[in-house]
Structure formats: structure tokens, C-alpha cells
Amino acid sequence: MAEKKSVIVRVRRQAGPNERPHWEEFELASRPHMNVIICLRDIAERPITRDGKATSPITYDSNCLEEVCGSCAMVINGKARMACSALVDSLTQPIRIEPMTKFPVVRDLSVDRGVMFENLKRMRAWVPIDGTHNLGEGPRMSPDTQAKAYPLSRCITCGMCLEVCPQVNDNNQFIGAAIISQVRLFNLHPTGAMHARERLEAVMGPGGVADCANAQNCVQICPKQIPLTESIAEVNRQSIKQALLGWLFG
Amino acid sequence: MREPKIIVVGGGLAGLMAVIRVAEAGVPVDLFSIVPVKRSHSVCAQGGINAAKNTKGEGDSTAQHFDDSIYGGDFLANQPPVKAMCEAAPGIIDLLDRMGVMFNRTPEGLLDYRRFGGTLYHRTAFAGATTGQQLLYALDEQVRRFEAEGKVRKYEGWTFLSAVLDGTGVSQGICAMDLKTMEVRTFPADAAIFCTGGVGAIFGRSTNSVVCTGSAQSALLQQGVDYANGEFIQVHPTAIPGEDKLRLMSESARGEGGRVWVPQRPGDNRPPLQIPVDERFYFLEEWYPKYGNLVPRDIATRAIHKVVFEMKLGVGGDAAVYLDLTHIPREVLDRKLEGILEIYEKFLGVDPRVEPMMVFPGMHYTMGGIWVDNEHQATNVPGIYAAGECEYQYHGANRLGANSLVSCIWGGMVAGPASVKYAQGLSKGCESVDVSVFDRERRRQEQINQALLRQDGAENPITIWKEMGSWMTEHVTVVRHNQDLERTDAKLQELLERYKKINLSDRTQWSNQTLNFARELYNMLILARVITLGALARNESRGAHYKPEFPERDDPNWLKTTRASWKNGQIRLGYEAVDTSLVPPRPRRYDVAS
Amino acid sequence: MSAAGVRADHSFFWRKLHSFSGIFPVGAFLAEHFWSNSYALVSVAKYNEASRELQTIPWRIFVEAGAIWLPILYHGGYGVYVWWKGKSNVSQYPWVGNWMYLLQRWSGLIAFVFIGWHVYTERFLTQGKSTFADVDKALANPWYFGFYLLGIVAASFHLGSGLWNFLCKWGLAATSRSQRAAGYLGAVVAVVFSVVGVAIALSIRYHWRPFEFYVQ
């Protein structure tokens, strides 16, 4: 293998939400096991572009660096990726790094995913408990139910399923697979299921489950391999049942 | 009656639990967090949460949990709060279960428990190998529910800068900065609970998240909040080295039967699975027959250091040992450990189900932290409370695995009501404080920002941070020598000098992460000194603090809590007695039965 | 968008009605239509007989309007709205499902235009008395013939892929295994409908009657 001495990185930069984006190119010293986060840190340590112009460090979201906090999702070489697990050796150079396109840009690669948390609120994505005082053990649950629910509860709200979804765009306020999957999760829990109707009514609202058009990109991109299309189908089934039976029998 | 007002800083497990408890009491609460709370570092906790529920018929009890924790912490922890925590733990598990945490189950539909380090009982409830994530989400969801009901107001994307203290030294609120607009603002509150987590960034690379800088703790110290046992830093035995971070490989890997070994012959470069079992050195099992691979973390870490640096038996001559799961059925691994195996696979491109993992110890946790009293999580400054990893109270000189999640949640459970009680007991609250008190603090913080933005020098904050990290990792982690500690402190002071010449290379007032990092860096340097000076002073070996020059625990001289305080701009170390009223200290020997 | 300010609407109902109407009655009618037109593969007389049979059912205009025209109009019209609400990114993410998503929209549009033209020429211009000779004349034009082939394949694909979508979106195939099976089912439907439809068009244009021996 030819020895690669440097890594070329192109970053789409944007000083603020309403500023015009532009590209900057950087040349970094190549080391083994580099990921995109290390590239961005290198730039912060020496914020000089490839053509020698001084610039500012790049603003980006990151936290855990092991793909469990969901912060560092961005578009790398045209595809939504978690920057921490995007290993330089596996990327074609120059590496193009852009912010996700389905969320408002704050600055550079940092985006505002607040809408996802708002939608979790709208979907009442929680198990309503009576209080934190001692009320004994929780409901029993079969290992099978746990095995079904656990993968759903690993969703890191990274937003990549929204990023790749053709139904999420300026004309459509689709809440996206991650949120729908949470509806399924809470409807699976014995206590959560007592309030399934509220959640189903919410998910039948605007931008809800009916806006899924089955492109199934979400399940392809999900970094946690959550069976998102199964969740959507299941929530569809539950809400159709709710709509029909609710209409017929109240 | 006046309506009290509480602020919680930090949205990990401790912070969220505190918020829930305050909201439940019907008191309005503002929650500040650098990242959206769902992205807090608690998500990284993997293996599980301890509670002596004794569901396996082993005769486990909360008393045994308490004893294991005190013994594991080498008798440095004040005992009554640890006892209270261990007694509360089963109820905490029940609560989490009711909140919908997807814990692994037994065939009967009960919670399953696994073994963890420093105990002989199955005491650790777990949700796959992403327990911290599951717990954090459960609490996050409860807080979101209160938020929807208007009982909680979140300030996500804000960083804490300082407390607002009135003329009598009582906290009346906080000063924080919006990381988007860079606006500095003060928020009045009768009490503020700090749940600001770990200090990993001080060591450059650690298993901690980016936000775990200890900056808030350091800022509080510089305002008069004492800091205890800073020198007790846990180095986790099994982490995956990386340039950006050390990725944790949970103790649960060993709890489920994972074995640590190196080739017996130095320089044996055969692929691991071609090395016959009788040519492998299972050093933990050999040296600690009773606990085997599940000795406490400080013990395992020192053993690995010995094997690698003294015996020169590191894999391929490098700083690495094998953590081997290949003998465990794939189905079991996927059901119980998938989350961590996935990390190894993604970041190293090797499937740990078929090939032993290569791991090495990495900085993981701080036992030390903000000093709090034994009952209320209250600091020495009225109106300031602390809970979670950022305080010092529950783990003594070494934390047992899976005790951190329980201590975070318990700390939050205590701090919430305690702060409410304090606030309700005030005759005059923060609303009666003169506005000039808040203005003064805001201006002081704005001036720090302005000075940093104006400053023109040749130093880069990241470079200084990296230097601090490598010095701290080399000299203030597993093995400590006084001479090196002295040199490290001198180096830190040099870095503080150089800090005066840092150049931000970003002078904008919008989402300027460099400015925020520079502010954190200063606080990290101060706290690094607290850690180093504490280690330098403590001439004994206890738990995670190990000095070859003083290899034994020295109870007559050092069975005491280090209490660092800030006097006239200087760090001063004081000491106070440890409450050992419940379990008399005994020698800590994991190589023979306890 | 602020999620808190979202107002309830009936989009769920309209959207589900859209996917359902594609199967029933529109898909069902397509099946019936291909079935009765398949008499062209037997003989002109049988074809005209079958046509006449359908053209003389009681309540014809109401059945046509209620079971065919309105559902197709709704399915097509709402389909255009659905198209407007989606934004394909197949160049960035060229996965099979994403291609199907894109093709579903184009095939729907093509089929909708074709059906509009087809109904106009064969139902209205013939005053509802279309015979083999009328269709034969139309297909003699190579452009019309080409359009027929395109329309038939587009409609068939749209039905097959739509069936897959329907099974997923009504939660009838809710595991990844059943969804894969539903995908195969959709593919079979698309292929079978395309083959039958194209065979009918070929039969009429080239007077090719492979089942003529039934009546000989």
C-alpha cells in the first residue's frame, strides 16, 4: 500500500444560520486509526487552511466519541455518518464534511435537533409513573418482550434517520422514524401500554406515522441497527386499529 | 409563603434525578446543561447498577453491599452515607424498573443480575451493555414529562460559569453562558445543585465524554466551595486506546466470564487463538484466585501495569493485554454485551466474538470531588449542593464497578429534597438580593470573555490541554512518585503562565467553541493542580492512589479525607477524619479471602 | 417548526384512504380490466362479448363513477400531493427501497396520465361502446402503442410496489422477514400484471391470439 502522509479534508463552513456557506480545505498529518473527530481537533489546534490562510476552528457537536450520545452526526462524503466512528482509512479523500441538511445549521457542522426532542414531548414518549416514592417492583416482563423493546430503547436521537428520509423536507414536517419507534417502545411497556391511546392519537396527527412512504432508508442508515421499519409498521397497525375500533366502538 | 426557586446544573443521572425530585415537590426548577441532557456522559455507563436484591439465593444483603463498598474503597469513605446508599439501592432499581428501563430479564420475568468487580454476589442489574444509556433515557423521559407540564425549564446549550454569591457568602444563583449566542446571564435561585460529572479531560484522553472537564467544580472551588479527595482517580483496567479517547470496555465483559491474559513468553507474536491455553498467563486468576478477573479496578489496573511494564509481557511488546470472550457462546454475548462488542468492532474492525480484544487501562472516574456534608449533599457554601460523580462522598479510595450509577441517582434523590427544604426555610430568598450582586458577577464573567477574545499570543489552547493531559496521565494515574508529582505541579504552573498567552483564533460572538474551551481549560489547570498536590501530599498507598515509595496503607497518619480549599487565590490542603463508625478498617487483601 | 403548536388534522385518514384505494378498488379494477381484456387473446368475438357484457351492467354510470373514476381521481390527485411532499435523494442514498420510492412516484404519475387519456379515448370518445375495432385502430398508431406499453408497465409496477407499501403501511407485514416477503409478493404482482398487460396490447396490435384454439 502506498504510504499516505497526509489527510485532505474539505469542510463546508457557515458562520451562522443565515450566513452563506463556503468550503475550506485542510491538509492534516496522517496517523493510524484517525477518525473525523481527530481531524476536526487537528484543525482546531492549527486552524490554517491548505493554502495557508488563517481561519477559525470548526464548530461541531460531539460528546461521547463512542457512538452512544448521538451528538456528532454529520454528512461525510455525501452520507450521514457519526463523525466519531467515521474512520479516515475507510473514507475516500478528500474527505468532504458537511452539516446535516434537515436541521437548521447553528454554525459550521453544528445543527439544532431540538425538533426531535419537541416531538418526543408531543408523542408523550415516557412511562407515566405515580411518583418516585417506594411503590415496589415494576411490572413483570417476559424476556421476549424485553428482547423486542431493548433495541428500540437504544435510539440515540442522532437524527440520521431524518437526514436520509425523503419524506423529511421543507414541504413535509414528518416526525421521522426515530420518534415513531419510541411510540412503539412505550406502547410495549406494560405501564406505558395503559396510555397507548394518547400516543397513537398523537402519532396519527400532522407529520405523524402516515407520512412515512416506506423508502426504508432509515433502517439502512441507523447506527444502532434499530428495526425502524418494523416499528413504523407496528405503529401503523396499532393506529389503524385505534382509528377503526375507536371510531366504531369508542 | 414565597415560592422557592431551584437550579440544577448538569443533566446526567444525578442532575435529572434531582430535577425530578424538586419538580415532584412542586417547586419550579431550571435545568442547565452544556449538551441536550439526553447526550450527557451517563449514556456511556455500560455494565450495570448495583443493588443487593438477592434474587439468586446467594444470601446477598444491603449490609454485604455496604461492606463490599467500604472495603473496596479502602475505608476512606465516610460510612453512614454509603450505608444509606446501599440500603436505598433496591428501591432505586424498583423505581427505574417502573420508569420502563429495559433491564434484562430472567425466564420468570424478574430482573436478571450479573457479577461485577469487588464482590462475590450477582448484584448488578443491567440492560444489555448500555445500562447507563437506558437509565439516563428513563430519567430524561420523566423530566420531559415534567417539562411538558411546565414544571421544569431546560437551558440546554448553556454552560455554567460561576455561582452568584452575596456579600455574606451565600449562593443566590448562577451565572451561565449561552453557547450559541455567547450571551452571559445570571439566574437567581435559592439553591443550586451541581451534578457536573467527571474530570476526564484533565487527563487529556480518558473514557469520559468531551464535556467532562471538571470546569464547574473548579470554578466553584475558586469561589470557596471545598474539594475533597481529588487525588483519587480511577483508572479502568480495560479500555481501548484511541487518539481522541479511550473507549471503555465494561467490567461486565469479565462479569459474564471474560478472561484477561497475556502470552507467557515475552515476544510471543502468534495470533492469540493459536497460543495454547497452557502457554497463556491468566495473571488475575492466578494472583487473585477467589475474585479472579473480578478484582476491584485499582487492583486489576496495577496488575496489568505490573505485567506490562515490570514483567514486559504486554501483547507484542506493547502496552496491551488480551480481554478474551471467545469461549462464551455468541448468543449470550449478543444478549448481554452487544453494546460494547459493537464499539470494539466499529472502532477496531475486529469482531471480539471471534478474536480476543486488546485492552489497556485508561483514566475513567474521579472518586474525589466537591466536598459535601454527610446528610444533605450540601457543600460548605450555603445554597450550593452537589450530587453524582462531581462530589466525593460514596466511593472512598476506589469505586466498585456499577456503584456509580446508584450513587448518582441516590445523590440526586437526596439533593433535590434537601435543597427544597433549605429554600423553603429561607425567610428571604434570592428575589430580595440587590440586583447589583448579579450585575457585578455578570460583568466579571463578561470581562473574562473579553480579555480572552482580545488576547493575542502564540499559545494554542488545544496544545496546552494536550500537554496537561499527557503529564497528568503519565505521572498522576496508576503509579505515583513524589518527584514526578512535584515536576507535574511545576509543569502545571508553567502551563498556567503560558495560558496567559493563548490565542483563540476565533474572536466571533456566535457559537464560539474555542472561547468556551479556553475558559474550561483554565479551570482544568487549577483542578489538575488540586489533584496533583493532593497526591503529592498523601504519602501512603490506598485504593487507587499508589506510591511505590509508600506501598502500604497508613491508617494512623492517612485515614483522613483531603479537603482542598481556595484561600487568597491559592490551593490549600486540609484534612478531616473519616467516619468509620460502622465497619472498623481492616487490611484490604483480595489475594487472600477477605 | 414548533412541535407544540401542531394542530390536529385529518391527514391520517386521507393518507390511509389513499393507500387503501390503490389496492381497492383501483388495484382490483385493474385486475378485472386485464382479465376481461385478456379475451383478446382468445378471439375478437369473445373480446367484444366480454366488453358488451360490462357495458350493459345495470346502474353502469354509478358503478363506473363510484368504483372507478372517483377512486382513481382521488388516488391520483392525492398521489400528486404526496409526490409534492416527498423529495427523493436516491443519488445520495442509492438503496433499493429508495429507488422503489422514486419509481413509485414516477410510475404513478405516468399511469395517472395514461389512464386519463385511455379513459377519455376509449370510454368517452366511443360513448361507452368501445369495441375491438376501436382499440385495434388506436394501437395501430406506433406512438399510441408505445404509450400503451409504458402505461401498462407503469401501472403494473405501481400496483406491485404499492401492494408492498400497503402491507407495510397498514402494519400487515410488521417484521423485517414479512416485509421482505411482501416485497417479493409485490414484485410477483408487478411482473404478472406487466406480462398480462403487455400480452393484451401485443395481442390487439398484432392480432396474436394464443388461446384461439379454445373456440376452434
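1. C:Ile57 sits in the loop that links α2 (44-55) and α3 of chain C. In this predicted model, C:Ile57 has a relative accessibility of 32% and therefore counts as partly exposed, since that class lies between the 20% limit for buried residues and the 50% limit for exposed ones.

2. C:Ile57 belongs to a nonpolar surface patch that also includes C:Leu54, C:Trp59, C:Ile61, C:Phe62 and C:Val63. The main contributor to the nonpolar patch is helix α3 (residues 60-85) of chain C, which supplies 3 residues.

3. As to how the chains meet, there are 2 pairs of chains in contact, and chains A and B share the most contacts. Chain B and chain C, by contrast, are not joined by any contact. The closest C-alpha atoms of chain B and chain C lie 9 Å apart.

4. Chain B contains 15 helices and 21 strands. The C-alpha trace of chain B spans about 75 × 60 × 50 Å along its principal axes.

5. The burial and contact figures for chain B may be read together. Of its 594 residues, 67% count as buried. Among contacts in chain B with a separation of 6 or more, 72% are between residues 24 or more positions apart. The accessible surface of chain B is about 19000 Å², and carbon and sulfur atoms account for 51% of that area.

6. In soluble globular proteins, nonpolar side chains tend to be buried together. The largest nonpolar core has 223 residues, of which B:Ile49, B:Leu96, B:Phe283 and B:Ile409 touch the most other members. Another core, of 77 residues, lies apart from it and includes B:Met182, B:Val184, B:Ala216 and B:Leu504.

7. In chain A, A:Glu24 is located in strand β2 (residues 22-29). A:Glu24 has a relative accessible area of 13% and is therefore buried, the limit being under 20%.

8. The surroundings of A:Glu24 can be described through its contacts. Beyond its neighbours within four places in sequence, A:Glu24 is in contact with A:Val9, A:Arg10, A:Val11, A:Arg13, A:Thr49 and A:Thr55. A:Arg50 is 26 residues from A:Glu24 in sequence, and the C-alpha atoms of the two residues are 8.1 Å apart in space.

How values were computed: Residues are numbered from 1 along each chain as its sequence is written. Chains are lettered from A and ligands numbered from 1 in the order in which they are written. This is a predicted model: local features need pLDDT of at least 70, side-chain atom pairs count only at pLDDT 80 or more; totals for chains, interfaces and linings use all residues. Side-chain values use heavy atoms; hydrogens and water are left out. Patches are made of residues with over 30% relative accessible area and no salt bridge: like charges are joined within 9 Å, nonpolar side chains (Val, Leu, Ile, Met, Phe, Trp, Tyr) within 5 Å. Accessible areas come from the Shrake-Rupley method with a 1.4 Å probe; for residues, only the protein chains shown count as cover. A salt bridge is a side-chain nitrogen of Lys or Arg within 4 Å of a carboxyl oxygen of Asp or Glu. Helices (H or I, at least four residues) and strands (E, at least two) are DSSP runs, numbered from the N terminus. Buried means under 20% relative accessible area, exposed over 50%, partly exposed in between (1.4 Å probe, protein chains only). Contact means heavy atoms within 4.5 Å. A nonpolar core is a set of buried Ala, Val, Leu, Ile, Met, Phe, Trp, Tyr and Cys residues joined through side-chain atoms within 4.5 Å.
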